[in-house]
Amino acid sequence: MSAYVEALIQRQLKRDRLHELIEDGEAEHGPVDQAAVETKRAILRGDTAGSADAA
């Protein structure tokens, strides 16, 4: 049981750190362009039809 709890805590710490990095990046460079994020997600999923020019 303690290994499970430890894994949960570690995962949460990683998520917290990721959120901090995102906030730092947005403070320095402005908010993330959600259209660009969706375009990149489509590319990663292999759904590149019509999105190659936007990348």
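Residues are numbered from 1 along each chain as its sequence is written, and side-chain values use heavy atoms, with hydrogens and water left out. As the model is a predicted one, local features need pLDDT of at least 70 and side-chain atom pairs count only at pLDDT 80 or more, while totals for chains, interfaces and linings use all residues.

The pairing of Glu38 with Arg41 also counts as a salt bridge, at 2.9 Å from N to O (a side-chain nitrogen of Lys or Arg within 4 Å of a carboxyl oxygen of Asp or Glu). Both residues lie in helix α2, which covers residues 34–45, and their spacing of three residues is about one turn of the helix. Side chains of opposite charge can pair when their charged atoms come close. Glu38 is partly exposed, with a relative accessible area of 38%, and Arg41 is likewise partly exposed, at 44% (buried means under 20% relative accessible area, exposed over 50%, and partly exposed in between, with a 1.4 Å probe and protein chains only).

Stepping back to the whole chain, there are two helices and zero strands (DSSP runs numbered from the N terminus, with H or I over at least four residues for helices and E over at least two for strands). Of the 55 residues, 5% count as buried. The accessible surface comes to about 4,900 Å², and carbon and sulfur atoms account for 56% of that area (Shrake-Rupley method with a 1.4 Å probe; for residues, only the protein chains shown count as cover).

Just after α2, Gly46 takes a positive phi of about 90 degrees.

Helix α1 has 28 residues and reaches 40 Å from its first C-alpha to its last, close to the 40 Å expected at 1.5 Å a residue. The structure holds two salt bridges, and one of them is found here: the side chains of Glu20 and Arg17 meet at 3.2 Å, N to O. These residues are three apart in α1 (residues 2–29), so about one helical turn separates Glu20 from Arg17. Glu20 is partly exposed at 39% relative accessibility, as is Arg17 at 43%.

A nonpolar surface patch of about 630 Å² is made by Met1, Tyr4, Val5, Leu8, Ile9 and Leu13 (patches are made of residues with over 30% relative accessible area and no salt bridge, with like charges joined within 9 Å and nonpolar side chains, namely Val, Leu, Ile, Met, Phe, Trp and Tyr, within 5 Å). Of these residues, Leu13 is found in helix α1 and is partly exposed, with a relative accessible area of 48%.

Towards the other end of the helix, His29 also has its place in α1 and counts as exposed, at 65% relative accessibility. The side chain of His29 makes a polar contact of 3.5 Å with the side chain of Glu28. Gly30 follows α1 with a positive phi, near 90 degrees. Finally, Ile22 is found in α1 and is partly exposed, at 41% relative accessibility. Ile22 and Val32 are 10 residues apart in sequence, and their C-alpha atoms are 9.0 Å apart in space.

Notes: The expected span of a helix is 1.5 Å times one less than its number of residues. A polar contact is a pair of N or O atoms within 3.5 Å; within protein, one must be able to donate a hydrogen and the other to accept it, and residues adjacent in sequence count only if both atoms are side-chain atoms.
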